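Morning, everyone. Please have a look at the structure on the screen, and then I'll walk you through it.

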Amino acid sequence: MKITEENFLKELQRRNEDALEFVVRNYGGLLKAVIRRILYDYPEDAEECLYDTVLKIWKHINSYNKKNRFENWISAIAKYTALDRLRTIKRLSPMEDIDMSAVSDDTVFTGNASFDEFFEELISCLKEEDKLIFIKIFWYGESVDSLASQLGKSQNFLYKRISRGKQKIIKHNPDYFKQEKRL
């Protein structure tokens, strides 16, 4: 059966892959434009986002309401898929940019120099790998699970490093951790 502008929706709902090819061929430019407008700094993510968008169209075609134009519906799917991808990228970017060389004497964490000095002094007693773990978990708020997978270590390993690091920080800064100074 030949897929045309008149029958592609019915065929798409019947799960005809030729209809999906028709959508990609005829509306792919629109989808790319919407996605690239949002993910202009991330071209490889834009390509992946396009595939995700086509998959969502395929999965959710039965929720398409014929009162709306098809172009508007797929544009909305592309837009929100791209925005979700951008949020994920932005959330992960600061953590991916940090490596062992980023933990140095001139590292700036905030605009507040005295607070940065305090934080650096607090973790200065740790090994470089432990500094990285503390910065990613306690400064950037990364989960132990995602950091473990990034570093190729187990969660248990990270929990032990964190526990030992906390003990080391307390041991090297006993005056700060006295009860009366904490308030």
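Let's start with one side chain. Glu142 and Gln150 are joined, side chain to side chain, by a polar contact of 3.4 Å. Keep in mind that this is a predicted model.

Where does Glu142 lie? Find the loop between H6 and helix H7, which covers 144-151. Glu142 is in that loop.

Glu142 has another polar neighbour. A polar atom of the Glu142 side chain lies 3.3 Å from the backbone nitrogen of Leu147.

Now the charge. Is Glu142 buried or exposed? Glu142 is buried, and it has no salt bridge. Which side chain of opposite charge is nearest? That is Lys136, at 4.6 Å.

Let's step back to the whole chain. How many helices does the protein have? Nine helices, and zero strands. Read along the sequence, the pattern is α-α-α-α-α-α-α-α-α.

The protein has 183 residues, and 38% of them count as buried. The accessible surface comes to about 12,000 Å². Carbon and sulfur atoms hold 50% of that surface.

On to salt bridges. Side chains of opposite charge can pair when their charged atoms come close. How many salt bridges does the count give? Nine.

Look at Arg161 first. Its side chain meets that of Glu129 in a salt bridge, 3.7 Å from N to O. Glu129 sits in helix H6, residues 128-139, and Arg161 in helix H8, residues 155-172. So the pair ties together parts that are 32 residues apart in sequence.

How covered are these two? Glu129 counts as partly exposed, at 25% relative accessibility. Arg161 has 17%, so it counts as buried.

Arg161 also has a salt bridge with Asp130, at 2.8 Å from N to O. Again, distant parts of the chain are linked: Arg161 is in helix H8, Asp130 is in helix H6, and they are 31 residues apart. Arg161 and Asp130 are both buried.

One more salt bridge: Glu71 with Arg69. Their closest N and O atoms are 3.5 Å apart. Glu71 is partly exposed, with a relative accessibility of 23%. Arg69 is at 53%, so it counts as exposed.

Now the rings. A pair of aromatic rings is described by the distance of the centres and the angle of the planes. How many aromatic pairs does the count give? Seven.

Take Tyr27 and Phe70. This pair is edge-to-face, with 5.3 Å from centre to centre and 65° between the planes. Tyr27 belongs to helix H2, residues 17-38, and Phe70 to helix H4, residues 70-97. So this pair ties together parts that are 43 residues apart in sequence. Tyr27 and Phe70 are both buried.

Compare Tyr64 and Trp73. Their aromatic pair is tilted: the centres are 5.3 Å apart, and the planes make 55°. Why tilted? Because edge-to-face needs planes over 60 degrees apart and stacked needs them under 30, with the rest counted as tilted. Tyr64 is buried, with a relative accessible area of 10%. Trp73 is buried too, at 14% relative accessibility.

Which residues form the aromatic cluster? Phe8, Phe22, Tyr27, Tyr64, Phe70 and Trp73 form one cluster.

Last stop: Arg15. You will find Arg15 in the loop between helix H1, which is 8-13, and H2. What is the phi of Arg15? Near 70°. That is a positive value, in a residue other than glycine. Arg15 counts as partly exposed, at 35% relative accessibility.

To close, go back to two side chains on your screen. Glu142 is buried without a salt bridge. Arg161 is buried, and it has a salt bridge with Glu129 and another with Asp130. Find both before you leave. Thanks, everyone.

Notes. Residues numbered from 1 in each chain as written. Predicted model: local features only at pLDDT ≥ 70, side-chain atom pairs only at ≥ 80, totals over all residues. Heavy atoms only, no water. Salt bridge = Lys/Arg side-chain N within 4 Å of Asp/Glu carboxyl O. Buried < 20%, exposed > 50% of the residue type's maximum accessible area, 1.4 Å probe, protein only. Helix = DSSP H or I, 4+ residues; strand = E, 2+ residues; numbered from the N terminus. Areas by Shrake-Rupley, 256 points an atom, 1.4 Å probe, with all protein chains shown as cover. Lys, Arg positive; Asp, Glu negative; His and termini not counted. Polar contact = N/O pair within 3.5 Å; in protein donor to acceptor, adjacent residues only side chain to side chain. Phe/Tyr/Trp six-rings, centres within 6.5 Å; stacked < 30°, edge-to-face > 60°.
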